[in-house]
Amino acid sequence: SVSVVLFTSDLRLHDHPPLHAALASTDEVLPLFVLDDAVEAAGFGAPNRRAFLADCLRDLDAGLRERGGRLVVREGDVVEEVGRIVAETGADAVHIAADVSAFAHRREERLREALTSTGCELRVHDAVVTAVAPGVVVPSGVGRDHFSVFTPYFRRWSGEGIRTPFQAPRAVRVPEGPGSAPLPSRSGVQGISPGLAEGGETEGRRLFTAWRSQGVSAYEDRHDDLAGDATSRLSPHIHFGTLSPAELVGRSRAVGGPGAEAFVRQLCWRDFHHQVLAARPAAARSDYRPRHDRWRTGRSASDDTAAWKEGRTGYPVVDAAMRQLLYEGWMHNRGRLLTASFLTKTLYVDWRTGARHFLDLLVDGDIANNQLNWQWVAGTGTDTRPNRVLNPVIQAKRYDPEGAYVRRWVPELAGISGSAVHEPWKLPKAERSRYDYPEPLVGLSEGLARFKKARELD
Ligand code: FAD
């Protein structure tokens, strides 16, 4: 007998519940990945993620080959391709990880429908993409299906038992018949950020091993240090599932100490946003808490947005972070917070515009994490202080006190030493004119006044 394992956002062999269940129940397993046209059509096939995905698929195939198997890749509509594979192999079960996006829900429904008439069972596995499945930790009270505040969620989540990770299988027997499309390759993708990280489970596990021994213990003290770059950078691996969130939580807790605890708390933020999106799928597009904003539109707003995207707002720390995004397809969390606050609250441009730009570039671009973090910053989401505005100069002085992050990403200001680099407009005129760098798009007090008026805060 044969079962199919449909890989989606879980491109690994370690701690893979669907693969484990399939191997336990049938002699042969067909590991399948479908490059779905619909993902592309929905604007979700951004080059950075396509390139990282190609690395992940190649590594997954290599890992399966070491175990006597291989990965079958198909192109087209995921449901049609699964149907074909089931017909070709006579499989009696399809295993897949549960996921939260509207796309994933539709995929699951359509698969169930398509398989009903074939006698092949669909088995959906929880807690593969998240450490704790959405809906497991819920507030008490009738009709309450998710937590909208992080801290009580974190408290309950922390008490949940995390399952022991499954070992990677020793051998995988794959039926001979079904052919595979060629594996995609990074070199076939145009428009990748030059400093894009490498994908694949092997690389993810290498990074996590180094992180546990060298990085995590200093995480609590250093995670906000922009220049120090002392976060794990595991987000693209977690997004593509080359690392298992449950395994990360368990093995980080085993390290112990405040750094590991703070890191686990961040992993919980990811589960938190997933359970919000699972319960409120519309939050991917519309305000979670409607604020009736009349976001700026028209020529001046689009000019401001263009300057923000290119990293020429005239606020060095904002521009540094936006240029890091362009160059690496990744941005430090503190940079994400302050650039998102700048767009939505200082420029007063719709959070959806910024979220779209991030999704076009971020290698970890994720519908739950991206949209809900944008909403959190814009004050339309789950932040309990929705009208706070981050002042980019204060943020810069606090999180890049020496100005090293700005000088790294905004080289035209590299001649200004120390924290003076954060406020080039304060330099004596003669010195200021030496730097080919724009004046601020808008004064901070002007931006703040506009925001307060729009939100009727005065
Ligand atoms: P670390 O600090 O090492 O944290 C470890 C892991 O915890 C991360 O890899 C991530 O999986 C999770 N995590 C950390 N912070 C958050 C958070 N605030 N929300 C959810 N999960 C978190 N993260 C994404 O994975 N994809 C996105 O598309 C995304 N978009 C964002 C947009 C905005 C406007 C903001 C403010 C944040 C966004 N984040 C997103 C969250 C966070 O910035 C990144 O997860 C983090 O910067 C990734 O770097 P790291 O792996 O070094 O993180």
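**Entry 1: the H15/H16 contact**

I looked up which residues of H15 meet H16, taking contact as C-beta atoms, placed from the backbone, within 7 Å of each other. On the H15 side I found Trp 351, Gly 354, Ala 355, Phe 358 and Leu 359, and on the H16 side Asn 370, Gln 371, Trp 374, Gln 375 and Ala 378. The residues of this contact divide into six nonpolar, four polar and no charged. I count Ala, Val, Leu, Ile, Met, Phe, Trp, Tyr, Cys and Pro as nonpolar, Asp, Glu, Lys and Arg as charged, and the others, Gly among them, as polar.

I note that this is a predicted model, in which local features need pLDDT of at least 70 and side-chain atom pairs count only at pLDDT 80 or more, while totals for chains, interfaces and linings use all residues. Residues are numbered from 1 along each chain as its sequence is written. Helices are DSSP runs (H or I, at least four residues), numbered from the N terminus.

I then turned to the geometry of the pair. Two packed helices are described by the angle between their axes and the distance between the axes. The axes of H15 (residues 351-361) and H16 (residues 367-378) come within 10 Å and cross at roughly 145°. The axes are lines fitted to C-alpha atoms over the stretch in contact, with angles from 0 to 180 degrees between N-to-C directions. I recorded the crossing as right-handed, that is, with the near helix turned clockwise from the far one by less than a right angle.

**Entry 2**

Leu 343 lies in H14 and counts as buried, with 27 C-beta neighbours inside 10 Å. Leaving aside neighbours within four places in sequence, I found Leu 343 in contact with Trp 308, Val 349 and Gly 354. Leu 343 and Gly 354 are eleven residues apart in sequence and 7.1 Å apart in space, C-alpha to C-alpha.

His 357 is placed in H15 and is partly exposed, with 17 other C-beta atoms within 10 Å. I found its C-alpha atom separated by 9.9 Å from that of Thr 305, 52 residues apart along the chain.

**Entry 3: positive phi**

Most residues other than glycine have a negative phi. I noted Tyr 348, in the loop between H14 and H15, with phi near 55°. Tyr 348 is buried, with 20 other C-beta atoms within 10 Å. For His 292, in the loop between H11 and H12 (298-310), phi is also positive, near 55°. His 292 counts as exposed, with 9 C-beta neighbours inside 10 Å.

**Entry 4: the faces of H17**

Which residues of H17 (residues 392-399) are buried? I found Pro 392, Gln 395 and Ala 396. Seen down the axis of H17, they fall within an arc of 100°, so they line one face of the helix; the arc is that of the directions from the helix axis to the C-beta atoms. The face turned away carries the exposed residues Ile 394 and Arg 398. What covers the buried residues includes H13 (316-328) and H14 (333-346).

**Entry 5: the ligand shell**

I looked up the 28 residues around the ligand, of which Thr 231, Ser 232, Ser 235, Asn 370 and Asn 373 come nearest; a residue is near if its C-beta atom, placed from the backbone, lies within 6 Å of the molecule. H9 (235-240), H11 (257-279), H14 and H16 each supply at least two residues of the shell. H11 gives the most, with six residues. The shell divides into eleven nonpolar, twelve polar and five charged residues.

Methods. A residue is buried if 20 or more other C-beta atoms lie within 10 Å of its own, exposed if 12 or fewer, and partly exposed in between; C-beta atoms are placed from the backbone.
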